[in-house]
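Let's take a walk through this protein together. Have a look at the whole thing before we get into the details.

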Amino acid sequence: MADVQETSFDANSQENNDDMEVVTMVDVLKEEQELEDDANAVLGGSDEKNCTYTKGYLKRQALYACVTCIPEAKNDPSKRAGVCLACSYHCHENHDLIELYTKRSFRCDCGNSKFPERKCNLDGEKADLNEQNVYNHNFSGLYCTCERPYPDPDDKIVDDMIQCIICEDWYHCRHLGVSVPPMNSYSEMICTSCISKHEFLLNYSGMAVTKMVKNETDGDILADTSCVKVESDNEVIPAEKNGENKDEKSEEIVCKMPKVEPDIVSAKFWPENWRSHLCTCKSCMDMYEKENVSYLIDMQDTVHFYEEKGKAKALENSSESQYERGMKALSSLGNVIQVEAITEYNRMKEHLKEYLQKFAVNKKVVREEDILIVGNTTNSTPEKDIPKMILILNPSIIRHNGYVRCAEVCASSLAWLRALQL
């Protein structure tokens, strides 16, 4: 591949562009690659053409709640319902959808008795109700202990949200009641409410990324105990033997749940693979079943597994990423054309941001037709025209980023670069 120069456009040197943000074409391609990876992680493992109803209660899938079809669900918990990715496209197009990220053990409700005025366009044979579905307040567009929507137009505080792996609700970091450790030090979180409901988890607190003593000089110190270490009677239990050791006089698996002093009931942050250290003796397995948390010992239940599966599936269907194809197209352009391209891109970016802002304000899902723009623009040099710019936003990326990032520019730079070569 020919060398690619990270050509940038100096906004201050151009007339009427003093406030324009400066980016490079490589920045554009990298940003799109990140968006593509995010979309593949959440949507790559889902079927966008076929309703998932016939597959039963899937381990995990992307879901949406339709406010247009069931506006009562915002105030009446009994009206809550969820639809799969394919139905969000083919049965609820142009509707006001609540993006629910992913949920476990859920069966698509589209067209059943919860939707009295609408039949599923993809599968007309469905039971009246899916008895095993669980609907938390996310299906009403509310999150966290503060019971607020996301994004919240009245919340002026910028704060991340973290999903509890048991109740699958999303919590503002500031409402978890504990200091949040660095992102790269933990893999999963269980909220205070779920810890209190499943107190056996307190026995595994030694594995958690926990808050330590308060240092008068430095303030709170966060300890990363992610090197999974479980102690019971002062003995470290090897992960590969956990739940598998057998008593010499019996074939029954000996319980290896750590016996520790009671810990404070609070949100817990867990390192990667901590689930593999949960005891699997008969007594513990029965307890998991009774408390409806048997999925905790299933490594395929994790969001990480689902996302990696989605990325792998997307990679199988494409020999090259958008970034790789874009870089190839960019490398074939001369330096002058690259400068002209980034100049027009910066101008376009501001206009597109302004256009998409109304979708963010109104919490609307951006459709493909909303973003398809074909325009003619000309360079400042009269005798030379910049070719047509074709901006196509991948609908799956739009859908995934929906209300959260729709105000950001995520135009398909690959199609745009190709257009420049016309």
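A residue counts as buried when its relative accessible area is under 20%, and as exposed when that area is over 50%. Keep in mind that this is a predicted model. With that cut-off, 46% of the protein's 422 residues are buried.

Now for the overall build. You'll find 10 helices and 13 strands here.

Next, let's zoom in on one sheet. In general, strands of a sheet pair through backbone hydrogen bonds, either parallel or antiparallel. This sheet is an open one of 3 strands, with antiparallel pairing and the order E2-E1-E3. Strand E2 (83-84) and strand E3 (97-106) sit at the edges, each pairing on one side only.

That brings us to E1, which covers residues 58-66. On one side, E1 is joined to E2 by 2 bridges, with the two running antiparallel; here Tyr 64 stands opposite Val 83 in E2. E1 also pairs with E3, again in the antiparallel sense, over 7 bridges. In that pairing, look for Arg 60, which stands opposite Arg 104 in E3.

So how much of E1 is buried? The count is 8 of its 9 residues, so E1 is largely enclosed by the rest of the structure.

Technical notes. Residues are numbered from 1 along each chain as its sequence is written. This is a predicted model: local features need pLDDT of at least 70, side-chain atom pairs count only at pLDDT 80 or more; totals for chains, interfaces and linings use all residues. Side-chain values use heavy atoms; hydrogens and water are left out. Helices (H or I, at least four residues) and strands (E, at least two) are DSSP runs, numbered from the N terminus. Buried means under 20% relative accessible area, exposed over 50%, partly exposed in between (1.4 Å probe, protein chains only). Two strands pair if DSSP finds at least two bridges between them.
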